[in-house]
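Here is a protein to explore through questions and answers. Take a look at it before reading on.

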Amino acid sequence: MNIYAIRAIYCFEMARTWRTLMQSVVSPVISTSLYFIVFGTTIGSRIQYVNGMSYGAFIVPGLIMLSLLTQSISNASFGIYFPRFTGTIYEILSAPISYVEIVIGYVGSAVTKSVMLGIIILATAHLFVPVQINHPGFMLLFLLLTSFTFALFGFIIGVWADNFEKLQFVPLLIITPLTFLGGSFYSIDMLPPLWRTVALFNPVVYLVSGFRWSFQEENQVNIGICLSVTISCLALFTGIVAWIFKTGYRLKS
């Protein structure tokens with residue numbers, strides 16, 4: 001494996017993050033802080049406790065997951081789309097590196113940014129509510145699994161998109177609504193039986209529920225099922241990325 005090629009792609013993408021620090025880091029942290037203020041103050045004053053914990057502490061995992069999903073997708077999709085847009089993708093494809101090394105470079109940098117942002121948001125949450133993490137090892141594992149999974153998804157979107165509008169379509173119009181409806185700000189146990197059944201078809205429910213369990217051991221869905229769904233999505237997106245490089249789908253267009 002060509003470590004130098006991976007490091008070159010990785011360092012280039014990370015350098016772009018430092019150049020756009022306000023957009024990459026500061027803006028998501030401010031947005032999440034506003035969620036804490038708005039939801040914690042307005043809804044928290046009416047729903048003080050959810051499953052035995054304060055409402056502010058309850059929504060912390062959901063807010064981190066919301067930022068994690070959108071940022072993992074956006075970072076990876078823009079990372080691979082921009083070389084296609086400028087035409088420099090041909091230099092990468094003609095270089096003596098494998099598609100595995102290309103994916104590791106782009107996806108690895110997107111994962112690093114997302115995990116870094118998730119940790120910053122977690123630290124910010126301590127300014128608003130007391131946050132307790134019962135299983136820090138599992139929290140980190142779930143953080144990495146989710147970041148890898150949706151960075152791969154973002155890579156797929158970056159290859160599929162042929163303009164900047166399509167690049168934003170999935171994160172804004174699909175992932176964000178699914179996250180809001182996936183139990184980020186409420187427990188799905190609060191829903192009527194019919195709607196709770198409907199909610200279980202939303203894959204984000206399992207991501208939020210699994211991540212929340214590492215904080216509070218609050219288990220809306222069995223933790224084994226949450227892990228299985230996450231790993232299944234990771235395997236699916238890995239297979240799609242492998243197919244993209246095998247067929248050359250849109251990489252040279």
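Predicted model: local features only at pLDDT ≥ 70, side-chain atom pairs only at ≥ 80, totals over all residues.

Reader: How many helices and strands are in the protein?

Author: Helices (H or I, at least four residues) and strands (E, at least two) are DSSP runs, numbered from the N terminus. From that end, the elements run α-α-β-β-α-α-α-α-α-α-α-α. The count is 10 helices and 2 strands.

Reader: What is the radius of gyration of the protein?

Author: The radius is taken over C-alpha atoms, and the globule rule is 2.2 Å times the number of residues to the power 0.38. With 253 residues, a compact globule would come out near 18 Å. The protein agrees with that, at 19 Å.

Reader: What share of the residues count as buried?

Author: Buried means under 20% relative accessible area, with exposed over 50% and partly exposed in between (1.4 Å probe, protein chains only). The share is taken over the 253 residues of the protein. It is 51%.

Reader: Which element gives the most to the lining of the largest pocket?

Author: On a 1 Å grid over the protein atoms alone, a pocket is an open set with protein on both sides within 12 Å along at least five of seven lines, a cavity is a set of points where a 1.4 Å probe fits but cannot get out, and lining residues have an atom within 4 Å of a point. The largest pocket has 26 lining residues, and Q23, P28, T70, Q71 and S74 are the closest to its centre. α1 (3-19), α2, α3 and α7 (164-180) each supply at least two lining residues. The most, 9 residues, come from α3.

Reader: What is the volume of the largest pocket?

Author: Grid points are joined across faces, edges and corners, and a volume is the space filled by probe spheres set on the points. For the largest pocket, that gives about 650 Å³.

Reader: Which residues line the largest cavity?

Author: The structure holds 2 cavities of 30 Å³ or more. The largest has a volume of about 50 Å³. Its lining divides into 3 nonpolar, 4 polar and 1 charged. The residues are T17, S24, V25, Q71, N75, K113, M116 and L117.

Reader: Which element gives the most to the lining of the second largest cavity?

Author: This cavity has a volume of about 30 Å³. I64, G118, I119, L122, M139, L143 and F211 line it. The most, 3 residues, come from α5.

Definitions and conventions:
Residues numbered from 1 in each chain as written. Heavy atoms only, no water. Nonpolar A, V, L, I, M, F, W, Y, C, P; charged D, E, K, R; others polar.
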